[in-house]
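Hi,

Here is the structure I promised to pass on. Have a look at it first, then read my notes below.

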Amino acid sequence: MALTRIGEEYAKEVGRALDALQALEVDQITKQGRDRVTIACSRAVADLWMVPRFPSLREAFPDLELKLVVNDFFEQLRHDEYDLAIYYRPIRPADHEVTPLAPEEMLPVMAPGGVPLVEQAAPVLLTVEETHKEWTDWGNWLSSAGHRLPEGAMRWKLGDYHLSVESARRGIGIAMGWTWFIVDHL
């Protein structure tokens, strides 16, 4: 068995993330006590990235007590609410130590066997609310790819990023997928 190019990139990113967690010293992990960590993340990070990694995290840290704080708005969190935060940030917060965990590569994703975007007369573009536009920015991707949408294109705004990706997986439309999150589903 051999990994694909995407699989190799994925394995590297997971290794880096687990290495970053292991590198934290016990006194840096939490003020609450030994073997406890509170991780803050967005709903998309929790659903699409954290949950698939829970078995590996449990295996690597069998005595770890984990608290997951799920909040899509990083700016609303107080610094004392978490030990580690995993968020997409277009601008690095000045008051945090930041370690990028993955590249910020976005691309359209859809169910296997679907008609490619450029061949659809009336594609349904799955997006999220304007507050998270950077996650599903079709305009920038279309411009950089040199594509224009057909006049019949529709945009469905869904409540969160995970709904958008799951709807695309089920063949409802095409979502803008961050490769770091969707690699498990490719």
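**What I found**

Let's start with Leu163, which sits in helix H5 (residues 161–169); helices are DSSP runs of H or I with at least four residues, strands are E runs of at least two, and both are numbered from the N terminus. This is a predicted model, where local features need pLDDT of at least 70 and side-chain atom pairs count only at pLDDT 80 or more, while totals for chains, interfaces and linings use all residues. Residues are numbered from 1 along each chain as its sequence is written, and side-chain values use heavy atoms, leaving out hydrogens and water.

Now for strand E1 (residues 36–41), where 5 of the 6 residues are buried. E1 pairs with strand E2 (residues 65–70) in the parallel sense, over 6 bridges (pairing takes at least two DSSP bridges between two strands). Arg36 stands opposite Glu65 in E2. E1 also runs parallel to strand E3 (residues 84–86), joined by 3 bridges, and there Ala40 has Ala85 as its bridge partner.

Zooming out, the protein chain has 6 helices and 7 strands. Of its 186 residues, 36% count as buried.

Cheers

Definitions and conventions
Buried means under 20% relative accessible area, exposed over 50%, partly exposed in between (1.4 Å probe, protein chains only).
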